Amino acid sequence: MKKIFTSALLAWCAVFANAQNNAAGRNKLFNDNWLFTKDSASGAEASMYDDTKWRAVTLPHDWSIEDLPNQSVGTVEGPFDKNSLGKGATGFTDGGTGWYRKKFTTDKASDGKQVSIEFDGVYMNADIWLNGHHLGNHPYGYTAFSYDLTQYLNPVGQVNILAVRVRNEGKNSRWYSGSGIYRNVWLNVTNKIHVAHWGTYITTPEVSANNAAVIITTSLTNESTAGKKISVTTTIISPAGTVVGKRAAAYETLSSGILTDSGKINIVKPVLWFIEKPVLYKAVVKVEADGKLIDQSEQLFGIRSIEFSSTKGFLLNGKRVILKGGCIHHDNGPLGSAAIDRAEERKVELLKKAGYNAIRCSHNPPSTAFLNACDKLGMLVLDEAFDMWRLAKNPQDYHQYFDTSWQKDIDAMVLRDRNHPSVIMWSIGNEIFEAPDSAGYSIGAQLAGEVRRLDLTRPVTTAIAFLPGYTKKPWQDFQPQLANVDIDGYNYFLEGRSHFFVRDSATAHRFDEEHSLHPQKTFIVTEYTPESALENYERSFKSTYLLGAFKWTAMDYIGEANIGSPRLFPQSRILPDGLARMAQFYLAQWPVYNSYCGDLDLVGDKKNASYYQDVVWNKSPIEILVHKPLPDGMREASAPWGFPDEIKSWSWPGQGGKKMQVQVYARGTRVALELNGKRIAEENIPPGTITATFEVEYQPGTLTAESYDGEKLTGSASLTTTGKAAAIRLVADRNNIKAGATDLSFVKVEIVDANGNVVPYADDVEVSYSIAGAGIIAGVGNGRMDDASSFQQNHKKVFHGKGLVVIRPNDKKGTITLKAMSNGLMPSQVTITTH
């Protein structure tokens, strides 16, 4: 039996809130003019507390990425502390307790209205006070929450004090979480009768090229005791700006409580939301009473259908799509976890450019800004709730709050995200310890049931890790848990080339066995290692019941330090397989602070595994990578989530006449290699692989590889030796940006030779920066995993000839000029205009 999930989906448009919801004062960004201190600050919730020595910050804000006091070379550098509690797991960064305070006044327009505050995410254990009144506590660092401020507001014109205490305490995360109010905050002002928080739900039970039936369900709230006769008008506006559908309904009275308005609007010849063309419609809900507009809510949404079938695969609008997925954590490199709108959008742009069409948000719901970007750019999303349930993975993690918080956190994820066209499935957990026992069966059923209560348009999955030697329970103990979900999610089930995930023959053929027992089921690989990219993609391509796979990971992240970096061992040493081998790569090695397991590095540049995957996905016909020289007497072992230490370069000073290992990845049967126009070698590509390996004596010049299928040329690629470093080049991703702290310009820093070629061996060049005009340097970075230096100073070394500067504009229109200088190199500058 196939499962069909069809929906036309809205995006809560925080990005566009000011333009779209100003009729009722909805979703006004509340990010400016906060005060902050990293201190326990006893009594800071009180209105009269003296905060004059606190510093000003603009949200989103992450204090864990900021430079620590008492800097000491080799012990405390930038935000990194060798003795941090989380060690390598959290990237040698610190948490602690921080306080935020904000003063604001209400105006006459808000007098007598409902005023609420919405936080998109605070890490973690947030307590909120208004004018000394405790509004509540929200433990989970990854879900949105809101509070009604109305009853504790001071009279119009008088100052109100909003205070937030954030406690990121103890060992509570397996990766870098960041600390603070790291996502957007909004203030909402509405009349007593208004569309409820997350109160609009849009589905489409029928979608075709000729017609879409759009059902819009709107929950209305009356916060007063007086009844009102109201009307609700819902209008759909096309991407071209024309009205394409409308319905209205009148209600005799809406007394205190909730009223639900629901109805169908038919759209003739709809423009469907595709990955390649992610067009968005707009739904406008107007509420009137006594002939006056009392509320207006506007959301973007996309019309599309999704279907999951063991015989057809995953279908988007009736067309099969293999999920070329990547797992990501939530940090933004030099910005830490700060989910600034443009940083989230750029991340999606980079991942889509790298060939991904799907992202697994590991292992927590993402920011609204991230999902808005996925809607806009055409990226599919697996939205995941938790990394643990009742059983702890760290002593102070979410397991402490699970029993009292899971339902509100599931509700927050689904209600906030259920209308995003990008979101195609829900995950209730990752590698849950109690998944194969009776308590876990019950919890899984509860979680899946709650998701389905709120949204029946998408399937539910969970990520199962069945790894003999690591997982103590037999496979049959996982079956009742998998019965709770619609799609089986498996971590590391197709790892035939791995030395780490040792399997018996039954495990290696788990998909075949499960498909034969449950032919109606569909499966996804929720995590796979970089070296298993080909195996996972080919299997997904051939087997419709395997919907696709998600690589660990698509992008480097802070924390889980060094799990992707290869290690050097004496050639005489025999390495074990399985978990004993894996343990060699989980040793925290200061000053390595990032995972180094991504296709893209921490600042967004492509790494070795990304070029390999380009060929796997037929994005590129051929790629050449060259292994870095190994010290005499040493050999390399690739990390479980890493790739051999190769780069795309034929520039190796000091290696003249020495043998270099050259890997050519290509679709074909054989590869021919030329050096400076002379054919030097030819190798067959072994069946079942895309790799031809060569040993080449290094000479400067041009190395060319050609791939063939029989006698047919299928691809050609070259690497050319660069000259010496001569200059700095600055390239902004956008030279025209919006004024205000939600936008950013990401400026590439490149060390180039006299001909403008990036010099890949320029690793120790330090570049200094100066900035003038309507903006600041928000962060500097590079892709090096062990450069434990500040992200916030005006200087940073490059890695492989590349670096990054992130510029954040202020709210003034004007220009920003960034200059870059380094000893012995021609300087550079770039100008960015804000409007």
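**Exercise 1: contacts along the chain**

Find what share of the contacts in the protein chain with a separation of 6 or more joins residues 24 or more positions apart.

Solution. Count a contact when heavy atoms lie within 4.5 Å. Residues 24 or more positions apart then make up 74% of those contacts. A note on the source: this is a predicted model, where local features need pLDDT of at least 70, side-chain atom pairs need 80 or more, and totals for chains, interfaces and linings use all residues. Residues are numbered from 1 along each chain as its sequence is written, and side-chain values use heavy atoms, leaving out hydrogens and water.

**Exercise 2: the nonpolar core**

Work out which residues have the most contacts inside the largest nonpolar core.

Solution. Start with the rule: a nonpolar core joins buried Ala, Val, Leu, Ile, Met, Phe, Trp, Tyr and Cys residues through side-chain atoms within 4.5 Å, and buried means under 20% relative accessible area (1.4 Å probe, protein chains only). The largest core has 106 residues, and Phe 314, Leu 323 and Phe 386 have the most contacts inside it. Its largest share, seven residues, comes from helix α4 (residues 402–417); helices are DSSP runs of H or I with at least four residues, numbered from the N terminus. Now zoom in: Phe 314 touches residues including Leu 323, Leu 380 and Leu 547.

**Exercise 3: the whole chain**

What percentage of the 835 residues count as buried?

Solution. In the protein chain, that's 61%. As for its span, the C-alpha trace covers about 90 × 65 × 50 Å along its principal axes.

Definitions and conventions. Buried means under 20% relative accessible area, exposed over 50%, partly exposed in between (1.4 Å probe, protein chains only). Helices (H or I, at least four residues) and strands (E, at least two) are DSSP runs, numbered from the N terminus. Lists of a residue's contacts leave out its neighbours within four places in sequence.
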